Amino acid sequence: MALDYGQRRIGVAVGNPITRNAQALTTVIISDPFTISNALLDLIKEWQPHKLIMGMPYNADGSESGMGKSIRRYAALLSDRIDMPIEFIDESYSSREAGKQIKELRQTGKRNRRVKKTDIDKAAAAVMLQRWMDENYT
């Protein structure tokens, strides 16, 4: 399971290690960036992933961006509530790539409705998870 953390929303995606495919699942709206959402905990309980993959934004020089501290803090809070490993992956350009994929679906007629931020959040989580699976299941 992958999480695209934001201070208002968390995009969630799931993947299958056998087929090596990731798919967008949902976006969890959070009211407090320092509290673990029950909705997120419910998803983790329902899907029972083996590990969580969290996106970490990096600067061009490879250092963590300013958001990195918030992401690590949230991961630590989450780690206190669940018993599974949390791994970080570079999320650079995942939202841009997700937006591009959604736009292409609209152009081909496979997607009709207007694109929402929540659509991009969960699609970005899927992009990150697909990258992680491509790198780790060779």
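Residues are numbered from 1 along each chain as its sequence is written, and side-chain values use heavy atoms, without hydrogens or water. Because the model is predicted, local features need pLDDT of at least 70 and side-chain atom pairs count only at pLDDT 80 or more, whereas totals for chains, interfaces and linings use all residues.

## The sheet

Helices (H or I, at least four residues) and strands (E, at least two) are DSSP runs, numbered from the N terminus. Two strands are taken as paired if DSSP finds at least two bridges between them.

Strands of a sheet pair through backbone hydrogen bonds, either parallel or antiparallel.

| Strands | Sense | Bridges | Example of partners |
|---|---|---|---|
| Strand 1 and strand 4 | parallel | 2 bridges | Ala-2 and Ile-53 |
| Strand 2 and strand 3 | antiparallel | 8 bridges | Arg-9 and Ile-29 |

Strand 1 is joined to strand 2 by a hairpin of 3 residues. The hairpin of strand 2 and strand 3 has 4 residues between the strands, and there Arg-20 takes a positive phi near 60 degrees.

The whole structure holds 2 aromatic pairs. Rings of Phe, Tyr and Trp (its six-membered ring) pair if their centres lie within 6.5 Å; planes under 30 degrees apart count as stacked, over 60 as edge-to-face and the rest as tilted. The pair of Tyr-5 and Tyr-74 is tilted, because the ring centres are 4.7 Å apart and the planes stand at 35 degrees. This pair links distant parts of the chain, with Tyr-5 in strand 1 and Tyr-74 in helix 2, 69 residues apart. Both Tyr-5 and Tyr-74 are buried (buried is under 20% relative accessible area, exposed over 50%, partly exposed in between, with a 1.4 Å probe and protein chains only).

Trp-132 and Tyr-137 form an edge-to-face pair, at 5.6 Å centre to centre and 80 degrees between the planes. Trp-132 has 8% relative accessibility and therefore counts as buried, while Tyr-137, at 30%, counts as partly exposed.

The charged end of Arg-72 sits over the ring of Phe-88, 4.5 Å from its centre; the criterion is NZ of Lys or CZ of Arg within 6 Å of the ring centre and within 35 degrees of the ring normal.

## Ser-37

Ser-37 lies in the loop between strand 3 (21–29) and helix 1 (38–47). Its relative accessibility is 12%, so Ser-37 counts as buried. Beyond its neighbours within four places in sequence, Ser-37 is in contact with Val-28, Ile-30 and Tyr-74. The side chain of Ser-37 also reaches the backbone nitrogen of Ala-39 at 3.1 Å.

Note on methods: A polar contact is a pair of N or O atoms within 3.5 Å; within protein, one must be able to donate a hydrogen and the other to accept it, and residues adjacent in sequence count only if both atoms are side-chain atoms. Contact means heavy atoms within 4.5 Å.
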